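The model is predicted.

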Amino acid sequence: MQLQSVSASIPCSWGTPQKGVCLGFLELNPIKFKFWHQELRLNRPPKAGTFCCAGGAEREYPILKRSVPYPQNMDLPPILSKKKKKPYPVPLKKIQQAARADKKLFERGIEKPLEPPKNGLLVPDLIPVAYKVVEAWKVLIQGLAQLLHVVPAHGCSICSEVHVGQTGHRIQDCQGPGNVHRRSHHTWVKASVNDVLLPMEAYHQYDPFGRRIKHETRFNYDRIPAVVELCIQAGVEIPEYPSRRRTKPIRILGKKVIDLGGFVEDPKPKSSGDSSYPLLQLDTYMGHIGQFSAPAASDVPTLAQDTLNAYETVRWGVTKLMQKYSVKACGYCPEVHVGPWGHNAKLCGEFKHQWRDGKHGWQDATVDEVVPPNYVWHVRDPTGPSLRGALKRFYGKAPAVVEVCIQAGAKVPDIYKPMMRLDIVIPDSEEAGLVA
């Protein structure tokens, strides 16, 4: 065996059979290892020793990177209190720092440097993403309308609760008016596409950087899905809802726009009463169950998987678009506005709206506010008994769209498995009290 000289010193730890802790220093020589150690024991002095050893050539062991799996279980999403403002998605300190930087530029008379789309120009790389989101949005609405013929869904006629299953659950958590007299029981009715895919609408503006929408002029603007409005501002061309495409960037000094390129009157949108009108495919109100026929039994699993893929594509595309394009959300109510600043319509009726004269408290929006997941209880056996309130802590949740697609035969995505609590064994009602 050939001995090699290693000029290195390696700190290490060495343990002895007796109780205690040993700290030492290891020095590698051609023939022997010199080891100095200190033994930390009660009433014992430190010891030193020299040990002989022979070694071979150095070996390099590859570093194995372990993939971090999803957690086994995940807590259900918390319900935010309506008596508090929503938390800021961006830390408040960063918002204040950006405001101070803008103020310094304004005091020095320096224009704020802007990049697309903050300066009114399009981002060429995001135009294909916007078209992909619109096409996936059409597939999502049509797929849900067809799957609801096969997978029954129920919605409470008093509150916003939704349940996907043969019958409604028996969990007493209704928060609607008169729930005390009903002991918080839900009143289930047949659900529609709007109950499964919550319709988040926003005002459509021909020029998002133009005149702000006032309370008196709010009826001059159409309300369309926020996803569609975001894609239109990102470059999607819809003749019925045109958008201004600038060729010269706008100029901003502080918070004041000094060069907007002039104001342009909004063109009147075209209207049509034809049932094949293309805008009907983009609106969840028009994508009702009766408009689309029930699919064949053999096509249900494929349709469910395509619908689930379309839902994931929409959320992925909206996330990517919102990294560049500005979307505002009210910190008190679910109102959403696509544009650099929110509108001035006094329609907020949530916590302390009297102090704000009904105006919205605008802040940066999140993806869940533009495409709400609408969590529902996960049903493992759709043909089994209804969910009971006594076993509530053993049930999981999933977005309503995902739950419909899974019950129709789609594969469960890995990202939703922890929240669905698939690894938890649901006990009987008699055994629930014995579970720790």
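## Helix 2 against helix 7

The crossing of helix 2 past helix 7 is left-handed. No polar and no charged residues take part in the contact of helix 2 with helix 7, which by class has six nonpolar residues. On the helix 2 side the contact involves L140, L144 and L147, which meet V401, V404 and C405 in helix 7.

Two packed helices are described by the angle between their axes and the distance between the axes. For helix 2 and helix 7 (residues 400-407) the angle is about 55° and the axes are 11 Å apart. Helix 2 and helix 7 are therefore oblique to each other.

## Helix 2 against helix 5

Helix 2 (residues 127-147) also packs with helix 5 (residues 300-322): their axes come within 8 Å and cross at roughly 145°. Helix 2 passes helix 5 in a left-handed crossing. Sorted by class, the residues in the contact of helix 2 with helix 5 are 18 nonpolar, five polar and three charged.

V370 belongs to helix 6 (residues 367-370). Is V370 buried or exposed? Its relative accessible area is 3%, under the 20% cut-off, so V370 is buried.

Leaving aside residues up to four places away in sequence, V370 touches M200, A226, V227, V318, M322, V327 and V336. The C-alpha atoms of V370 and P334 are 9.1 Å apart, while the two residues are separated by 36 residues in sequence.

## Aromatic pairs

How many aromatic pairs does a search of the whole structure find? The search returns two. One of them joins F209 and W341, edge-to-face, with 6.1 Å centre to centre and 90° between the planes. F209 sits in the loop between strand 8 (201-203) and strand 9 (223-225), and W341 in the loop between strand 13 (336-338) and strand 14 (362-364), so the pair ties together parts that are 132 residues apart in sequence. F209 counts as buried at 13% relative accessibility, whereas W341, at 26%, counts as partly exposed.

W377 and Y395 have ring centres 6.4 Å apart and planes at 75°, so this pair is edge-to-face. W377 is in strand 15 (residues 375-377) and Y395 in the loop between strand 15 and strand 16 (397-399), so the pair ties together parts that are 18 residues apart in sequence. W377 counts as buried at 2% relative accessibility, and Y395 counts as buried at 5%.

Technical notes
Residues numbered from 1 in each chain as written. Predicted model: local features only at pLDDT ≥ 70, side-chain atom pairs only at ≥ 80, totals over all residues. Heavy atoms only, no water. Axes fitted to C-alpha atoms, helices over the stretch in contact; angles between N-to-C directions. Helix = DSSP H or I, 4+ residues; strand = E, 2+ residues; numbered from the N terminus. Left-handed = near helix turned anticlockwise from the far one by under 90°. Nonpolar A, V, L, I, M, F, W, Y, C, P; charged D, E, K, R; others polar. Buried < 20%, exposed > 50% of the residue type's maximum accessible area, 1.4 Å probe, protein only. Contact = heavy atoms within 4.5 Å. Parallel < 35°, antiparallel > 145°, perpendicular 65-115°, else oblique. Phe/Tyr/Trp six-rings, centres within 6.5 Å; stacked < 30°, edge-to-face > 60°.
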